[in-house]
Amino acid sequence: MLQLENVTHAYEGRTVLRDVTAELAEHRIGVIGANGSGKSTLARTLNGLVVPDHGRVLLDGRDTRRHAREIRRRVGFVFPDPGTQIIMPTVGEDVAIGLRGSGLDRAEIDERVQRILRRHGLADHRDHPAHLLSGGQKQMLALASVLVTEPEILVCDEPTTLLDLRNVKVIERTLRTLPQQVILLTHHLDSLVDFDRVVVMDEGSIVFDGAPAAAVAHYTARMERGATEAGGEPHLRSPDSGEPAW
Amino acid sequence: MVTVLGLYQPGDSLAHRTPAGVKLLVLFCAVTVVLVLGTLWVAVGGVVVSALLYPLCGVRARYVWRMLRPLLPFLALIVGFQVLTGDPWAAVRTCAVLGLAVLLSGLVTLTTQVSTMLALFERLAAPLRHLGVRPDRLALVLALTIRAIPMVTVAWQTSREAYLARGLRGRPHLMVVPVVVGLVRSAEAMGEAMTARGLD
Ligand SMILES: Nc1ncnc2c1ncn2[C@@H]1O[C@H](COP(=O)(O)OP(=O)(O)OP(=O)(O)O)[C@@H](O)[C@H]1O
Ligand SMILES: [Mg+2]
C-alpha cells in the first residue's frame, strides 16, 4: 500500500504540496483538481520521481527516498504526452526495451511483447515505426510498455488529455479492466463514476476525499466559486504567488 | 521525410534471419574485396547483384532508388572530375563501388531492427567494460540518438507552424528559441519517462 506522511514539497521556494497525508489502498483512485493544484507533483512522489522536501512516501513501508529504484519497478507511471514516452523506433522494440535486464531470454521477451501488444490492439503494428502511430495508439503503446513489466500499481497522469473522445473511452476501458491498482489523475470527471475513491486537490492540499459523486460535486462547486470571485475575467491562478501560472 | 526509423522492412527472408553480426561482416568483406582487387567489371557486377538482392530479400525494389538517390550529386561530382582528368572508366568504377557500398549497407539497415543492431554493438563494446564504459549505456545512447531525429523534426515543425500562424514572416531567427525550448522540454519529459520505466 502507498502511504503519504506529511508530504510537503516546494519548487524554487514555492510550496506546491502542503502537508499531505493519505493512505492509498483502494483499487481505483481518482485525483482531480485545478491546473497547478499539485496533482502531477503528488503523483510523481508516488514512484520517487519527486522526493518530497519534508515527510515521507512509503510503499509497503519502504521509503521512496531510499528505495526509489525498486519502487519504480513496482509503481508504473504513464505521462500525458505519449510522444515523449516512446524510446525505440518500432512498436515491438519499445515494449521490449522495458524488459532489458529482466533476466528473461529472447523467446520469453518476444512472447510477452506479443501477448501485451495483442491485448492492447497493437499486434498488427509490431514492426511499425512508433512515432508514426496516431496519438491514441501512441498512448496505448506507452501504457503497454509500462504494463509489460507487470507493475503492481499504475499511476496515470492525465493519460487521455491529448486524445479524442473515442480514444479517451478506449484508454479508460483499458484502465478499468486492469488487475492492478490504478491511480488516475484526470480532468475528465465523468470517467471517475465507478471509482472507489476520488481525491480533490487544491493549492497543494487534499481538500476532499471520498466517493466519486461527492468529490466531483465538491470540486465543481469550488471551481464555480473561484471563477465567480475572479469577476468573470479570464485569470489563471497559480497556488502561491497569485501570479498567472505560466 | 525519410528517417532511419522508418526504414526497417519486416520480413523473413534469408537476410532477415541472418544474425546482424554476420551481415555486417559480409558487408565489410564485400566492400573491401571490391575496393581492393575489384576490376571495373567486378564493381559493376557487384552493384547489379546488390540491387538484385533487394527483391530477393523481400524488400521492394523502389528502395534501391531511394538508397541511391541521395548519392547522385556526389556521383555527378566524381564523374565530372574524372572525365575532366581523362579517365571515364575510373569514374564508372568509383561510382559502382560507392553504389555497392550504399546498397549493401542499406540492405543491412532495411532487414535489421535497431534493437538487434544495438544488441550487437553492446556485445562488441563489451571489452570496453574494463575501461569503465558500460556497454548497455552505450547502446541506449545510440538508440536515443536515433530517436532524436523525429523529435527535432517535430520541434521544428511545431515552432514553424506557430511562427507562420502568428504572421511573423521574414524573421526566421525568432524560431530558434522556441525550437531549442521545445527540444529541451521533450528531452526532459523523455528523461523522466525513461527514469519511470527503470531505464536510467
Ligand atoms: N519541475 C518544476 N519546476 C518548477 N515548478 C514546477 C515544476 N513542476 C511543477 N511546478 C509548479 O508546481 C505547481 C503544481 O504543478 P503540478 O504540475 O503538480 O500541477 P497539476 O495539478 O498537475 O496541474 P495540471 O492540471 O495543469 O497538470 C505549478 O504551479 C507548477 O508551475
Ligand atoms: Mg499535471
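This is a predicted model: local features need pLDDT of at least 70, side-chain atom pairs count only at pLDDT 80 or more; totals for chains, interfaces and linings use all residues.

Colleague: OK, what's the strand order in the open sheet of chain A?

Modeller: S2-S1-S4-S5, four strands with antiparallel pairing. Strands here are DSSP E runs of at least two residues, helices are H or I runs of at least four, and both are numbered from the N terminus.

Colleague: Which are the edge strands?

Modeller: S2 (14–24) and S5 (62–63) of chain A, each pairing on one side only.

Colleague: And what packs on the sheet?

Modeller: Helix H1 (residues 39–46) of chain A, touching S1, S2 and S4 of chain A. Touching, or contact, takes C-beta atoms, placed from the backbone, within 7 Å. The direction of H1 makes about 55 degrees with that of S2(A), using lines fitted to C-alpha atoms (for helices over the stretch in contact) and angles from 0 to 180 degrees between N-to-C directions.

Colleague: How many bridges join S1 to S4 in chain A?

Modeller: Five, between residues 2–11 and 54–59. Thr8(A) has His54(A) as its bridge partner in S4(A).

Colleague: Switching topic: how do S6(A) and S7 of chain A run, parallel or antiparallel?

Modeller: Parallel, with four bridges between them. Val78(A) is opposite Cys156(A) in S7(A).

Colleague: Which residues point which way from S6?

Modeller: Val75(A) and Phe77(A) go one way, Gly76(A) and Val78(A) the other, and all are buried. Buried takes 20 or more other C-beta atoms within 10 Å of a residue's own; exposed is 12 or fewer, partly exposed in between.

Colleague: Now the largest nonpolar core: which residues touch the most other members?

Modeller: Ala144(A), Val155(A) and Ile183(A), out of 71 residues. Helix H5 (residues 135–147) of chain A gives the most, with seven. A core joins buried Ala, Val, Leu, Ile, Met, Phe, Trp, Tyr and Cys residues through C-beta atoms within 7 Å.

Colleague: Last one: how many residues does each chain put into the contact?

Modeller: Chain A puts in 23 and chain B 22. On the side of chain A that touches chain B, H3(A) gives the most, with three residues.

How values were computed. Residues are numbered from 1 along each chain as its sequence is written. Chains are lettered from A and ligands numbered from 1 in the order in which they are written. Two residues are in contact if their C-beta atoms, placed from the backbone, lie within 7 Å. Two strands pair if DSSP finds at least two bridges between them.
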